[in-house]
Amino acid sequence: MRTQPRSLNLGILAHVDAGKTTLTERLLHLAGVIDEPGSVDSGTTQTDTLALERRRGITIKSAVVGLILGETAVNLVDTPGHPDFIAEVERVLGVLDGAVLVLSAVEGVQPQTRILMRALRRLGVPTLLFVNKIDRVGADLDAVLRSIRTRLTADVLPMGTAAGLGSRAATFTSYRPDDEAFRERETVALAEHDDSLLAAYVDGRTRTPEQLLAEASAQTRAGVLHPVFAGSAATGAGVPELMLGISALLPTSVTSVSGEPSGRVFKVERGVAGEKIAYVRMFTGSVGARQRLLLPGGRVGKVAGVELFEAGRWVRTSQAGAGQIARLQGLAAVRVGDDLGVARTVLDHHFAPPTLEASVSAARPEQGPALRAALASLADQDPLIDARSDDDGQVVVSLYGRVQQEVLAATLAEQHGVEAVFSDASVVHVERPRRVGRALERYNTSSNPHHATLGLRIAPGLPGSGLRFDLEVVGTQMPLFLYRSPEGFASVMQRHVAHTLAHGLFGWEVTDCRVTVTEIGYTLADGPPSKRGPMPTAHDFRRLVPLVVRQALTRAGVRVCEPILLVTLEIPTDSANGVQRVVTRWGAELLDQRSAGDLTRIGVRMPAARLHELQRQLPDLTGGEGVLESGFDSYAPVSGRPPVRRGYAVKG
């Protein structure tokens with residue numbers, strides 16, 4: 001196998017339309033991977049391969065291409081810029097060695113730019129900034145730098161100067177290492193995070209350009225300094241300088257095949273024959289063809305083939321080592337987010353889960369099975385879709401927003417030939433028991449047609465505890481001739497209970513409760529523990545559990561609860577009062593408010609039902625400058641009439 005001595009997994013991130021895909025094309029062109037840069041407008045880019053991406057001119061799925069910079073093999077990961085696909089972005093962040101955050105020289109720091117920068121800094125991803133589009137009318141590099149310092153981070157170091165802004169002749173020139181004015185600015189920036197350098201600076205002792213470059217590289221790799229480059233991906237201005245910065249300032253790793261294999265799947269797609277192809281970042285060890293890998297849940301998969309990106313295409317190789325991104329074939333059970341091989345300590349994703357759900361059906365009824373199969377396949381690529389079927393057969397998916405729904409519909413049509421119809425999205429609620437409820441159904445009674453006795457108790461649990469399951473019966477009372485062991489019986493019963501509680505009295509999932517089996521009875525043909533009669537089957541218990549659970553839940557009663565979110569708003573200070581009035585009118589609780597420069601950050605707790613209306617109104621309320629980030633906080637009982645889940649008929 002031809003190996004590269006060092007590797008760098010580099011993310012390209014930006015607010016939508018800032019030019020990150022165009023920058024990716026220019027990098028590939030200058031590195032000799034492609035003869036000419038592709039165009040987003042004409043749909044000829046290397047990374048936006050989905051038909052919908054090319055039609056809409058946006059990135060929807062992360063894409064990987066490769067190039068060589070000096071002695072380093074660089075895997076470029078082009079990520080979505082639209083906020084509906086923030087989950088796709090954050091999945092990628094955990095496999096990156098470094099990133100380039102792209103800004104527009106005209107629009108400057110945009111809403112999604114701030115969200116992405118916070119995510120990059122939170123996860124400690126070393127990041128360079130590239131101010132793109134200096135050739136566009138209205139480009140103002142100085143204004144963008146001021147905005148970066150006030151709205152993103154003050155820990156920046158401009159690496160050059162631009163000339164001819166607003167014209168196709170615009171250029172970017174890097175500062176010379178021996179430029180005294182640059183060395184002064186570089187020293188001041190570095191001294192913010194280096195006490196020894198600060199002391200030397202105060203004492204008048206200077207460092208050599210080489211020493212300053214080494215310190216700048218160290219601080220960049222530590223994620224505390226962010227060098228700023230500028231240029232035009234469309235014309236190529238400034239991109240060679242950025243490439244030198246990538247090589248000199250971002251961390252690389254030595255490709256190694258020693259040690260136990262471990263990696264993370266950050267993308268799954270389907271091949272021409274429908275087979276799964278997993279994109280994996282290897283952290284330790286190596287993976288090769290015919291190798292068995294440990295998957296989550298104790299499953300084992302066998303790798304059928306390994307590919308690396310070389311010379312502009314994916315090529316088959318014998319193995320991939322630590323630090324590399326590879327495509328693996330043969331792992332039929334793999335899903336996005338799976339950790340492969342030995343367990344690793346990884347950072348959790350910080351994006352809020354979807355709070356909307358919508359039912360989806362095939363426009364042509366005969367395509368119903370094809371729709372279910374297609375959604376199951378797409379759920380492997382994005383588990384947050386969480387496609388599932390209700391008891392009545394209605395398919396439901398989880399969503400972040402309308403653009404994601406449009407993309408899902410287009411994907412079903414273009415890749416799977418299924419025209420889908422979506423209902424209006426609704427907020428996902430849960431149900432919690434009000435009090436203790438008990439139920440008992442004995443065999444050989446008019447209300448119980450099954451050959452078994454079952455008693456259950458449902459009690460409220462602590463908030464956030466989920467579903468707890470217990471047994472108050474001993475092994476000799478269990479039908480072990482059906483389940484072989486007490487553990488087997490408990491596992492099956494817990495699964496039946498969980499399936500039943502997926503739909504409570506109003507159709508929502510029942511959570512934060514404790515379910516206890518209090519009594520078990522059955523008949524045996526040859527005597528005790530009970531009188532003679534038909535022996536039970538697994539089917540009897542499977543059918544009896546919903547009957548008893550339903551009775552116990554009805555006696556316990558439920559509270560329907562809505563999700564409450566912690567929302568952080570970052571808005572222009574002159575818009576703060578208006579935004580605060582709106583959210584408090586919607587029942588939001590103000591937690592925090594502080595201003596810095598021309599921006600104000602407001603923290604609130606608010607019902608998830610209002611989040612999407614706030615997202616819709618925020619651009620108008622803030623002149624397009626407001627951004628928000630949300631995370632789940634808790635569930636709270638709804639006031640008034642409990643909402644009923646769409647498509648669910650309240651029983652009783």
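Visitor: What share of the 652 residues in the chain is buried?
Guide: Buried residues make up 53%. Buried means under 20% relative accessible area, exposed over 50%, partly exposed in between, with a 1.4 Å probe and protein chains only. This is a predicted model: local features need pLDDT of at least 70, side-chain atom pairs count only at pLDDT 80 or more, and totals for chains, interfaces and linings use all residues. Residues are numbered from 1 along each chain as its sequence is written, and side-chain values use heavy atoms, leaving out hydrogens and water.

Visitor: Why is valine 156 called buried?
Guide: Its relative accessibility is 5%, so valine 156 counts as buried.

Visitor: Which residues is valine 156 in contact with, leaving aside neighbours within four places in sequence?
Guide: Contact means heavy atoms within 4.5 Å. Valine 156 touches Leu129, Ile148, Arg149, Ala189, Leu225, His226 and Val228 in this sense. The C-alpha atoms of valine 156 and alanine 189 are 7.3 Å apart. Along the chain, 33 residues separate them.

Visitor: Why are H6 and H8 called oblique to each other?
Guide: Helix H6 (residues 180–191) and helix H8 (residues 209–221) pack at about 40°. Angles under 35 degrees count as roughly parallel, over 145 as roughly antiparallel, 65 to 115 as roughly perpendicular and the rest as oblique. H6 and H8 are therefore oblique.

Visitor: What makes the contact between H6 and H8?
Guide: H6 gives Arg183, Glu186, Thr187, Ala189 and Leu190. H8 gives Pro209, Leu212, Leu213, Glu215, Ala216 and Gln219.

Note on methods
Axes fitted to C-alpha atoms, helices over the stretch in contact; angles between N-to-C directions. Helix = DSSP H or I, 4+ residues; strand = E, 2+ residues; numbered from the N terminus.
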